[in-house]
Amino acid sequence: MARILDLTSDVGAYGTRLLAELGHDVIRVEPPSGDTVRRLEPHLDAAPALEGSAFHQFLNTGKRSVAVDLANTEGRKLLLALVKTADAMVASLPLPIEQNEILAANPDLVLVRLDDGEPELCNVASTGLLAITGEPDGQPTLLGGHVPSSAVGVYLAMAAAAAIFGKELTGTGSVVDVSAAQCLATLAEQVWVEYSVSGEALERMGSRGGITALAGALPCADGHWMVSVPPDPRGWTNFVQLVPDPAFKDDSSMADEAFRRDRKDEILDLVGVWSSSRNKHQIVQQAQDLHIPATPVLNPLELVDDPQLLARGFLRPVDHPDFGKMNFPVGALASMTGQAMSFAPRLGQDTAAILTELGYSTGDIDRLKGQGIVA
Amino acid sequence: MAAPRQLPLSGIRIIDFGHIVAGPFCVRLLADLGADVIKVETNTRLGRTGARRGPPKRSGSSGRTPHLSQINRNRRSIDLNLKTERGARIARQLADAADVVVENFSNGVMDRLGLGYADLVKTNPRIVYASMASFGHTGPRAGWIGMNVNLQAASGLMLATGEEGDPPIGISNSWNDYIGGLHAAVAIVGALSKRNKSGVGTYLDVSQFEGSVAMLGGLLFASGVTGKPPARTGNRSGLAAPQGTYRCAGNDQWCAISVQTDAQWQALVALLGERAAHLRGAACATVAGRHAQHDAIDEVIEAWTGALTPVEVEQSLKSVGVPAAAMRRGHDLAEVDTWQQVLKPIAGDSGIKVLGLPFDFQGVAPVAVTDAPRVGANGREVLRDWLNLDDATIEDLMHEEPA
């Protein structure tokens, strides 16, 4: 598979992880002081400072690490030597070396350039996503867990994977420009569709969004569950079997989706009263048995031993050198392909091996380390 | 001179058996990368319905709702009822001529139609076959059905968003359909690369749920180690302070502000003038210090933004180098450069603009955007192009009675 140099910021790091999940050899090139991903919170105390970011541990899974100072002439020379051996480079702008120097070193390189844009919160505000996230009467809210950056990453992976595929067929590389803000704008597509069709703005709907009339997160004894009642008559019949409230059973007009849409909050409140004394996993299983789309509302802690994720190999039980026994998330593509995924590399873990491969002697490497040019 | 450069998936043939958003959106991404796509559908199926809010205000020339019209652009449509012998047989022939199949039916549907991977691979070992069930086709939840909101809830997104004590908070669009479609598209392109080397295709049992969970992978990893749920940090950031959405003049008007550096903080304090006099000291000079005072800082900022429009706030802050962005919605999105760059006109249509790919292959023309077809609009053409059938055979097939 392809050798890919990864010089993305935290905005693109999920994208290069996906490329590793596809089986590519991804080498993260970072400064001797460590990259921004290593500084994202939360920090896990069991690991050394620059290894303990939970986001580093997830996003840099499956990659190797070369730590090199690209502000230094010898460091830049080293990068160009590495570029000669690579199939692709994926980098956040600005590039650390002039583009024509990079392409002169390897004219058939696939070069994917990511414009990170503004900070995450500003990017979602100006692209329309912020306006549709949050409670209607509360403040507009940033999607948590750096999910907007991850979304940019998936687009980045698609651009890079496609350019690499093209190179396999034609032998020639290409330069691809990816804009983080444009990526997020395309994910606000429905905002644009609604405006261009009706002249109206979509608004945030909090926990009661959804396409069908009756959809929302409702309280139960141990948290919340999410239901989306199918719009067809049979869906309603099934739903009344699940929630046999007389107000539903005895009112035939309820079978009409438009009628339900007009009384959405009133109906969902009644369902919430029914569910508030019940257990979310039991409700959801009963609903699924009746072909009603329903799920528990879970937080990440409730997913760390999720039976579905374990059964499909998305979570693999491991003994981690820093964190001990845990269920290790290999990722959504690796779970399908069975790709082995190494733990996130220590800063500069692979520097010596890769420099040796490039022809640097042990003496050279020691000198560069001594001078702080590599780590 | 080298031959004109082409988009990377030029010449790749894809069958879209998808419905609603996730499958057809995945296919649209691949079409934008140059692939030749046909949609197999019939008027009696879900392909034309769902995924809209309330009654359609304008159905467009494709007979689809406006949103589905955009999702289903750039492909040709053949009307085949897969529940008939004729429909399944022709679909099978098309699959033999295809590189990629995408479907997002519930567990077992394609197998029952004789169009599962195990069936197709017998005659087309190069096929890359992507299923996109909500939870995948294996595991204890293989049979579960889930809409976008169900996956927002189950993936952890709704409890990773917002502040401590908030109810579950979601995003009011088809977010998880997009995320599922994107992950599937990456997997498909990766499988095509592997096929270049191995000569054989593969089966991709995509789980949209796993794509959504992986988007939050850092938080999942943290919880797996600490045994605690992640803190709900709302609009704040560990590395930038102050950061938040601030209420501006008018009804539900907001501006996002994110102070990334100490220098930006000094610029903000200078801009706020006397009202921020008490924040000028060393206590707020560092990120850690500003985190400790975040509530007090927010109060001062909001006292200032409350009298201004979001765009006025954005411009004032940007002029002194502080990252800020007005919250855009509907009409004011068109004023943003980003949107102008990503909106593409539909070929031959009345100036309607739709969203294209958010990236450019330098020196390669993007595909022209074509409107979604009416159901069955391109049947004859597809049979001619993909199956190399002559006109007489095509007429026979088109008029054959369903078995």
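This is a predicted model: local features need pLDDT of at least 70, side-chain atom pairs count only at pLDDT 80 or more; totals for chains, interfaces and linings use all residues.
How many helices and strands does the secondary structure of chain B come to? It comes to 17 helices and 12 strands, where helices (H or I, at least four residues) and strands (E, at least two) are DSSP runs, numbered from the N terminus.

Residues are numbered from 1 along each chain as its sequence is written, and chains are lettered from A and ligands numbered from 1 in the order in which they are written.

Let me stay with chain B.

Strands of a sheet pair through backbone hydrogen bonds, either parallel or antiparallel, and here two strands count as paired if DSSP finds at least two bridges between them. Chain B has an open sheet of 6 strands in the order β3-β2-β1-β4-β5-β6, with parallel pairing. Because β3 (76-79) and β6 (202-207) of chain B stand at the edges with a single partner strand each, one side of each is left without a neighbour in the sheet. On average, and with direction ignored, neighbouring strands of this sheet are turned by 20 degrees against each other. Helix α8(B) packs on the sheet and touches β4 (100-103), β5 (128-133) and β6 of chain B, and its direction makes about 160 degrees with that of β5(B); such axes are lines fitted to C-alpha atoms, for helices over the stretch in contact, and angles run from 0 to 180 degrees between N-to-C directions.

The helix α8(B) brings us to the other chain. The contact between the chains takes 112 residues from chain B and 115 residues from chain A, where two residues are in contact if their C-beta atoms, placed from the backbone, lie within 7 Å. On the side of chain B that touches chain A, the largest share, 13 residues, comes from helix α8 (residues 175-198) of chain B. Strands take part in joining the chains too: strand β6 (residues 174-179) of chain A and strand β12 (residues 359-361) of chain B run antiparallel and are joined by 3 bridges, with B:F361 as the bridge partner of A:V176.

Finally, chain A. Its strand β2 (residues 25-30) pairs with β3(A) in the parallel sense over 5 bridges, and A:R28 stands opposite A:S65 in β3(A). From β2(A) the chain crosses through helix α2 (residues 54-59) of chain A to β3(A), in a right-handed β-α-β crossover, which is to say that, with the strands pointing away from the viewer, the path from the first strand over the helix to the second runs clockwise. Why is strand β3 (residues 63-67) of chain A described as largely enclosed by the rest of the structure? Because 5 of its 5 residues are buried, with A:K63, A:S65 and A:A67 on one side and A:R64 and A:V66 on the other.

Terms used. A residue is buried if 20 or more other C-beta atoms lie within 10 Å of its own, exposed if 12 or fewer, and partly exposed in between; C-beta atoms are placed from the backbone.
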